Amino acid sequence: MIANERCLEKFIHIANVCINLEYWLSYFKSANTIIIPKPNKDSYNSPKSFCPIVLLNTTGKLVKKVISTQLQFQISANRFLDSHQFGEIQQCSTIDIGLYLTYIIQARWLKQCYTSIIAFDIAQFFPSLNYDFLSLYLTKAGLNTNIIGFFNSYHSNCSTMYSWNNFSSLSFNTNIGVGQGLALSLHYLFGSNH
């Protein structure tokens with residue numbers, strides 16, 4: 001992630017201060033959502049024909065990645081993650097998933113069994129996540145009150161503005177849900193299967 005050790009220490013220090021103070025800087029809560037048309041669509045009359053890209057402060061994104069890595073380690077140490085959880089988990093690659101699935105399939109074949117895989121994509125889970133539920137989930141994961149307080153700050157008073165071609169909207173409140181690709185979403189903390 002960050003090759004320079006001294007620079008990494010500074011980001012770790014900022015991350016630790018954010019957790020200890022239970023505070024996420026308002027400067028990092030402001031986003032710009034760029035609306036990009038998806039290529040080769042027959043019509044652009046539907047929102048599904050566009051891809052919103054959220055641009056955030058780069059320093060804030062790096063600090064979030066440091067916090068996410070620290071929290072994922074703590075959650076793993078608390079044995080809150082299932083041992084079969086691979087999605088977005090540190091030290092678990094696509095190769096690990098492939099090897100695990102191959103092992104399961106071949107083990108079942110040896111027992112003359114058929115093997116199937118069912119994958120689910122729960123649409124709109126992350127964008128509509130309830131923050132009270134998130135606090136309960138983090139408490140159940142064994143995280144201390146400073147971390148839960150930090151997440152309360154992290155999710156409050158967020159804003160974005162939309163930009164499309166030469167148009168930019170006014171900034172408005174976005175205090176609902178978490179981004180699926182953001183470093184501090186459940187997707188990154190607990191893996192994509194939770």
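Select Ser-163. Ser-163 counts as buried, because its relative accessibility is 11%. Buried means under 20% relative accessible area, exposed means over 50%, and partly exposed lies in between (1.4 Å probe, protein chains only).

A word on what is on your screen. This is a predicted model, in which local features need pLDDT of at least 70, side-chain atom pairs count only at pLDDT 80 or more, and totals for chains, interfaces and linings use all residues. Residues are numbered from 1 along each chain as its sequence is written, and side-chain values use heavy atoms, with hydrogens and water left out.

**Stop 1: around Ser-163**

Stay on Ser-163. It lies in strand β3, residues 159-164. Helices (H or I, at least four residues) and strands (E, at least two) are DSSP runs, numbered from the N terminus. Which residues does Ser-163 touch, leaving aside its neighbours within four places in sequence? Show Asn-32, Thr-33, Ile-34, Ile-35 and Ser-168. Contact here means heavy atoms within 4.5 Å. Now look at the side chains of Ser-163 and Ser-168. They make a polar contact of 3.2 Å. A polar contact is a pair of N or O atoms within 3.5 Å; within protein, one must be able to donate a hydrogen and the other to accept it, and residues adjacent in sequence count only if both atoms are side-chain atoms.

**Stop 2**

Move to Asn-165. It sits in the loop between β3 and β4 (167-168). Is Asn-165 buried or exposed? Asn-165 counts as exposed, because its relative accessibility is 71%. Check its backbone too. Phi of Asn-165 is near 55°, a positive value in a residue other than glycine. Most residues other than glycine have a negative phi.

**Stop 2: Ser-171**

Go on to Ser-171, in the loop between β4 and β5 (172-173). Not counting residues up to four places away in sequence, Ser-171 touches Ser-159, Thr-160 and Met-161. Show the side chains of Ser-171 and Ser-159: a polar contact of 3.4 Å joins them. Ser-171 and Ala-31 are 140 residues apart along the chain, yet their C-alpha atoms are separated by 8.8 Å.

**Stop 3: Ser-49**

Select Ser-49, in the loop between β1 (30-37) and β2 (50-55). Ser-49 is buried, because its relative accessible area is 6%. What surrounds Ser-49, leaving aside its neighbours within four places in sequence? Its contacts are Pro-37, Lys-38, Lys-41, Ser-43 and Tyr-44. Pro-37 is 12 residues away along the chain, and the two C-alpha atoms are separated by 6.1 Å.

**Stop 5**

Jump to Thr-59, in helix α2 (residues 58-77). Thr-59 counts as partly exposed, at 35% relative accessibility. Beyond residues up to four places away in sequence, it touches Phe-11 and Phe-28.

Keep Phe-28 and select its ring partners. Ring pairs link Trp-24, Tyr-27, Phe-28, Phe-150, Phe-151 and Tyr-154 into a cluster. Rings of Phe, Tyr and Trp (its six-membered ring) pair if their centres lie within 6.5 Å; planes under 30 degrees apart count as stacked, over 60 as edge-to-face and the rest as tilted. The whole structure holds 10 aromatic pairs.

**Stop 4: helix α3 and its end**

Select residues 94-110, helix α3.

Just after α3 comes Gln-112, with a positive phi of about 60°. Gln-112 is not a glycine. It is found in the loop between α3 and α4 (131-140). Gln-112 counts as exposed, because its relative accessibility is 72%.

**Stop 7**

Select Cys-7 and Cys-18. Cys-7 is partly exposed, with a relative accessible area of 33%, whereas Cys-18 counts as buried at 6%. The structure holds zero disulfides. A disulfide is a pair of cysteine sulfur atoms within 2.5 Å.

**Last stop: zoom out**

Show the whole chain. It has six helices and five strands. From the N terminus on, they run α-β-β-α-α-α-α-β-β-β-α. Buried residues make up 33% of the 194 residues. Among contacts with a separation of 6 or more, 64% join residues 24 or more positions apart.

Conventions: The expected span of a helix is 1.5 Å times one less than its number of residues.
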